[in-house]
Amino acid sequence: MKEKIIQLLNEADDYISGEEISKQLGVSRTAIWKVINRLKEEGYEIESVTRKGYRLLSSPDILNSEELHYNLNTEIIGNKIINFDKLDSTNQQAKKLALEGASNGTVVIAEEQTAGKGRRGKMWVSPPGTGIWMSAILRPSVMPENASMLTLVAGLAVCKAVREITNLEASIKWPNDIVVNGKKICGLLTEMNSEIDFINFVVVGIGINVNIEKFPPELDNIATSLMIEGNQSYQRKKLVKRTLEIFEDYYKKYLATEDLTKIIEEYNEHCINIGRKVRVTGRKQDITGNVKCVTNKGELIVTDQQGEDIVVTSGEVSV
Ligand code: BTN
């Protein structure tokens, strides 16, 4: 009912009467009045005028399922959104829910993470109310060896959504970072539960530093936020929705070929590493060379100092 009332308030050009809401939803005016009061407590500015009704003046940038579902144009990703004020990690919670049977496309989102997980056992700083900390549960019918490409699919989606909403020049740093002005604004952590030839589920975790004002000194050189780079705050809910919509679009393209064929051109256009010198670490042997491209299987092709093309499937890339 809360979701429906928010929708009616949003869609009304002017005031909408309690009677009209009660007629449309088939509930009593007292019940509506109670929901309106709850919304006010949550930070919605709602004007109530006798004989005219209610008028929505502003809604807070809270990431609840009602707000996120409003006008969300997806079929799969975000069909169910479960929001929390605080979690240890949205990836942990998503994995737990997936094991309990959560459906394909369910998104878990939290205002704050107390033990946000980064790649390779690192932790992810996730202060309350300032970022987007979310995880999508997917159950794709693809072979497990093709699941790691989902990180690239989601990365391209975040990059495009950030560009669209902020006009900042966001780029992808292969395989799982989104950077602005050389510093990281988003990290992705994809985890999988599978049998040898069957995926039970994949959890794609996305962390975006939106309105963080300051980072701890040890992260100051490598991390930044959209607010720091753009000198303004951004609506997180708008960015969540566009990310999910674009993610779904690319996800369908990925499913069609079980690889990146349909999006690789766009991926390469947004990838900051192309044509640049890199050092790839975190493998048996470090590689130094120039990046040629990312393939439709998601591998990084690095031309080493001997002129040989090396196919890199994983590792840490530094410039
Ligand atoms: C990295 O760059 O090391 C990956 C960071 C991934 C962070 C996100 S925040 C939402 C989701 N939940 C987690 O615990 N981690 C991911």
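What percentage of the 319 residues of the protein chain count as buried? The figure is 38%, where buried means that 20 or more other C-beta atoms lie within 10 Å of a residue's own, exposed means 12 or fewer, and partly exposed is in between, with C-beta atoms placed from the backbone. Please keep in mind that this is a predicted model, in which local features need pLDDT of at least 70, side-chain atom pairs count only at pLDDT 80 or more, and totals for chains, interfaces and linings use all residues. Residues are numbered from 1 along each chain as its sequence is written.

**The chain as a whole**

- The protein chain has nine helices and 14 strands; helices (H or I, at least four residues) and strands (E, at least two) are DSSP runs, numbered from the N terminus.
- The radius of gyration of the protein chain is 22 Å, close to the 20 Å that the globule rule gives for 319 residues, so the chain is as compact as a globular protein of that length. Here the radius is taken over C-alpha atoms, and the rule is 2.2 Å times the number of residues to the power 0.38.
- Along its principal axes, the C-alpha trace of the protein chain spans about 80 × 45 × 35 Å.
- Among contacts in the protein chain between residues at least 6 apart in sequence, 60% join residues at least 24 apart. Two residues are in contact if their C-beta atoms, placed from the backbone, lie within 7 Å.

**Around the ligand**

- The ligand is surrounded by 21 residues, and the closest are Ser89, Gly118, Gly187, Gly205 and Gly207. A residue is near a molecule or strand if its C-beta atom, placed from the backbone, lies within 6 Å of it.
- At least two residues of this shell come from each of α5 (90–99), β5 (131–138), β8 (183–195) and β9 (198–209).
- Sorted by class, the shell has six nonpolar, eleven polar and four charged residues. Ala, Val, Leu, Ile, Met, Phe, Trp, Tyr, Cys and Pro count as nonpolar, Asp, Glu, Lys and Arg as charged, and the others, Gly among them, as polar.
- In α5, the residues Thr90, Asn91, Gln93, Ala94, Lys95 and Ala98 are buried. The buried residues of α5 pack against β3, β4, β5, β8 and β9.
- Just after α5 comes Gly101, with a positive phi of about 105°.

**A five-stranded sheet**

- Five strands form an open sheet in the order β13-β12-β11-β10-β14, with antiparallel pairing; two strands pair if DSSP finds at least two bridges between them.
- The edge strands are β13 (309–312) and β14, each of which pairs on one side only.
- From one strand to the next, the twist averages 45°; axes are lines fitted to C-alpha atoms, for helices over the stretch in contact, and angles run from 0 to 180 degrees between N-to-C directions.
- Strand β10 (residues 277–281) has a covered face, Val278 and Val280, and an uncovered one, Lys277, Arg279 and Thr281.
- Four bridges link β10 with strand β11 (residues 287–294) in the antiparallel sense, and Val280 has Ile287 of β11 as its bridge partner.
- The hairpin of β10 and β11 has five residues between the strands, and Gly282 in this hairpin takes a positive phi near 85°.
- β10 also runs antiparallel to strand β14 (residues 316–318), joined by three bridges, and Val280 stands opposite Val317 in β14.
- Strand β12 (residues 300–304) and β13 run antiparallel and are joined by four bridges; Thr303 has Asp309 of β13 as its bridge partner.

**Backbone details to look for**

- Most residues other than glycine have a negative phi, and most peptide bonds are trans.
- The peptide bond from Trp174 to Pro175 is cis, with omega near 0°, and Pro175 lies in the loop between β6 (170–173) and β7 (177–180).
- Asn71, in the loop between α4 (65–69) and β3 (81–87), has a positive phi near 65°. Asn71 counts as exposed because it has 11 C-beta neighbours inside 10 Å.
- Arg120, in the loop between β4 (107–113) and β5, has a positive phi of about 50° although it is not a glycine. With 8 C-beta neighbours inside 10 Å, Arg120 counts as exposed.

**A buried tyrosine**

- Tyr254 is found in helix α8 (residues 236–257) and counts as buried, with 24 C-beta neighbours inside 10 Å.
- Leaving aside neighbours within four places in sequence, Tyr254 is in contact with Met149, Val153 and Leu260.
- Tyr254 and Val153 are 101 residues apart in sequence, and 7.6 Å apart in space, C-alpha to C-alpha.
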